[in-house]
Amino acid sequence: KRLQTDVIDLYYLHRWDKQVPIEESVGALGDLVRAGKIRSVGLSEVSAHTLRKAHAEHPIAALQTEYSLWTRNPEIAVLQACRELGVSFVAFSPVARGFLCAPMDVSAFDAKDIRRSMPRFAPDHYAANLKLLPAYNAIAAEVGCTPSQLAIAWLLHQGDDILPIPGTTSVEHLLDDLGAVNVTLTGDVLARLDALINQHTVQGDRYNAQANSEVDTEVF
């Protein structure tokens, strides 16, 4: 009622319950499509294997998974699976949960800030990761964009089928993020970014053990 609609365009299974076969969960969502209550089905943080099984049960329109310079897990398999199946890839946390925007005081995170439980933001790991930012910021200055725009532009250059969804509560930050569509990166700049920030140069897992048990993404 609040959205003034009687149908949901894209309905995500945000966390797959691994105790239930994916075919059963997606089959139930397919029933909602046939009933006219939703128009398409999406999945979140599942592996290429799970995506293929789900897609065989009912067409999957979109898959959302964290993807950024510092989270490359989709490159293992699921990004290619999306392309083979014609599934849109929605990249959440494209600015690395704020890491690629500016240095932050991790000790000052609000009690409800989910980053408090993420290993990459633990003091030791974060101190090591901070060493990547000066060279990263220098590339942004060279390109003539903000660090946030550089992060999102890198994603946009990975393929036309990749849809970054930055999250913010600030209009100023939103406008900054939108400016990424006007940033063009050369092959040399892309190569330098790839070499600077990747799964080998970033310290710490993206989730703690509990959160990792709740997702189905491939890991390096």
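How many salt bridges does the structure hold? The structure holds 13 salt bridges (a side-chain nitrogen of Lys or Arg within 4 Å of a carboxyl oxygen of Asp or Glu).

## Basis of the model

This is a predicted model, in which local features need pLDDT of at least 70 and side-chain atom pairs count only at pLDDT 80 or more, while totals for chains, interfaces and linings use all residues. Residues are numbered from 1 along each chain as its sequence is written, and side-chain values use heavy atoms, with hydrogens and water left out.

## Salt bridges

R97 and E66 pair through their side chains at 3.3 Å, N to O.

D194 lies in helix 8 and R72 in the loop between strand 3 and helix 3 (78-85), so the pair ties together parts 122 residues apart in sequence. Helices (H or I, at least four residues) and strands (E, at least two) are DSSP runs, numbered from the N terminus. R72 is buried, with a relative accessible area of 5%, whereas D194 is partly exposed at 29%.

## Packing of helix 5

The axes of helix 5 (residues 133-143) and helix 6 (residues 147-156) come within 9 Å and cross at roughly 85°; the axes are lines fitted to C-alpha atoms over the stretch in contact, with angles from 0 to 180 degrees between N-to-C directions. Helix 5 is therefore roughly perpendicular to helix 6 (65 to 115 degrees).

Technical notes: Angles under 35 degrees count as roughly parallel, over 145 as roughly antiparallel, 65 to 115 as roughly perpendicular and the rest as oblique. Buried means under 20% relative accessible area, exposed over 50%, partly exposed in between (1.4 Å probe, protein chains only).
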